[in-house]
Amino acid sequence: MTYTAPVKDLYFACTELADLAGVQQLPGFEEASPDLLRAILEEAGRFAGEVLAPLNHTGDREGVRLEGGQTITAEGWKSAYAGFIEGGWNGLPFPEEFGGQNLPWLVTTATHEIWESANMSFALCPLLTQSAIEAILDHASEEQRQTYLGKLVSGEWTGTMNLTEPQAGSDLAAVRTRAVPDGDHYLITGQKIFITYGDHDLTENIIHLVLARTPDAPEGVKGISLFIVPKFLADPDGNWTVPNDIETVSLEHKLGIHACPTAVLGYGPGKGAVGYLVGEENRGLMYMFTMMNLARHAVGVQGYAVAERAYQKAVQHAAERFQGKAIDKPDGDRVAIIHHPDIQRNLWTQKCRNEALRALGLVSASCMDKAHSHPEEETRTAAADMVEILTPIVKAYSTELGLENVSMALQVHGGMGFIEETGAAQFYRDQRITPIYEGTTGIQALDLSGRKLVRDEGQMTLRVIDYIRQDVAGFDAIGEEMARTLDDALDSLVTAANLLVNRSPGAIREVAAVAEPYLRLWGVVACGWLMAKSAHRAACLRDDGAGDENLGAEFLKTKIRCAEYYFASEMPGVSSLLAFIRNAGELVAGGSMEDFSTH
């Protein structure tokens, strides 16, 4: 099938929900106008539809291979990547000083959805590169920034994140990779696994950001340092052609994203790979969080982006697949299954969830811009609070709900969805990794309920809920029932937060036991807030005629119906999630290994 970028939906979400006008007023973002946004979205959609999307299925079938120590990507990948960097897409959010276009993360995030929908395996490469750029920008020395950022921003080089080791999955305290001082650099020895685009043939160099321990480092996460370890080093003439002591041990065989090379890397099979310390020793995990948080947000975008592609395919199949007669016209002709109420329910559920998750991803990106660049400290603080709370929700809720949506899209295809040739199964296989990598859903939930809630006795969480209430107070174009439902849901969120804070001193296991339902509750309510805002803004545009030129009356009508459907189908879950948080923690936390016995 073809892929059509949802340009109108992205434009509406950026301009009406994520405050593009406010972002445009930030210093340095004056060029980020609605007209520029639309032009960027249309061109990104063209490139994605014509170049990236056609490679998605063929890349999945061909995969990647390791030959003579070199990773070979699927046919078409090199030319597609060359076109991607020629278009300047890799450098959208970065400073002009290093060849970037200095556009806000809000605009960049909108393009991320397009790349991920079109071809997730391809889009993972710039995703990790952009995260590496941000870490180097924030924490590396000026010399390191001047050495690496120009090539990384242009996309001539790519970047990776090296955390995981065979004995240390998410438990970074168990990292064993060593870094021994050797003159102006360190020698790195150890093995890293699950390294996305850890080796490939798209660029002349790969810049690895590697977590390792120096000889005198303290135990645990306090003893981790961060190093820049290039695949190729510079020779005396400045040519980056000297192989570093890094070996691609193998490529992982995965359930999905077959065209994305996920490498096992050996550092120092010889004397040790040359690496350069970023910042200070033993502060590497703090530096890496810059990269991880950006990547976590981007993975959340993957969650709803792949779901959008699967939804488009489901709609196409439902419109073309004739089976059965209309339930209210048993004597009529056979009809396309899109006329059957159960299929319509399925498609409506996917549509409203995708729109809600898209709004969540873009609003959080807008907050990232404001937290970094707003001239007023109070506004920066409020935006930073939103980013802190929303990042684990975007990552975990968008990927979990996105996976449910992809499964629903496959269901529309019936038995044919289970057959690889139809393509629906690939979306499910590809999307299944998103709730796992960059911190599992459970880890995100513990972050939200522990570090973001219990740590300060709920103060930041309650501030964010107050920010949302202030925004909701202006929604005068929504109905009384929607307003009342949203108000009750925000009350439930406060109740849940207070319950966990009050339990935390003596019942931390009970808090951890309901952390994931607490995160899901946040996701339902935050999406409800933004769907209500969508209905409000659509009604305002419809009533004053301002949306006719760019959006159209029918588009706005559908936005309102979509919000109404979200409130009918998703918001009732608030009460059951609150009940679980209130009642199930002790039951779960009080169990033992015997409860899971198979005897």
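# Reading rings, charges and a backbone angle

Author: Searching the whole structure turns up 15 aromatic pairs. This is a predicted model, where local features need pLDDT of at least 70, side-chain atom pairs count only at pLDDT 80 or more, and totals for chains, interfaces and linings use all residues. Residues are numbered from 1 along each chain as its sequence is written, and side-chain values use heavy atoms, leaving out hydrogens and water.

Reader: What makes two rings a pair?

Author: Rings of Phe, Tyr and Trp (its six-membered ring) pair if their centres lie within 6.5 Å; planes under 30 degrees apart are stacked, over 60 edge-to-face, and the rest tilted. Take Phe 47 and Phe 84: this pair is tilted, with 6.4 Å centre to centre and 50° between the planes.

Reader: Where in the chain do Phe 47 and Phe 84 sit?

Author: Helices here are DSSP runs (H or I, at least four residues), numbered from the N terminus, as are strands (E, at least two). Phe 47 is in helix α3 (residues 34-62) and Phe 84 in helix α4 (residues 77-86), so the pair links distant parts of the chain, 37 residues apart.

Reader: Is Phe 84 buried or exposed?

Author: Buried means under 20% relative accessible area, exposed over 50%, and partly exposed in between (1.4 Å probe, protein chains only). Phe 84 counts as buried because its relative accessibility is 1%. Phe 47, at 7%, counts as buried too.

Reader: Which ring pairs edge-to-face with Phe 84?

Author: That's Trp 115, at 5.2 Å centre to centre and 75° between the planes. Trp 115 belongs to helix α5 (residues 105-118), 31 residues from Phe 84, and is buried at 4% relative accessibility. Ring pairs join Phe 47, Phe 84 and Trp 115 with Trp 77, Tyr 81, Trp 89 and Phe 122 in a cluster.

Reader: What about phi in Glu 438?

Author: Most residues other than glycine have a negative phi. Glu 438, though, has a positive phi near 60°. You'll find Glu 438 in the loop between α11 (424-431) and α12 (441-451), buried at 18% relative accessible area. Glu 457 also has a positive phi, about 60°; this residue is in the loop between α12 and α13 (459-472), and counts as exposed at 60% relative accessibility.
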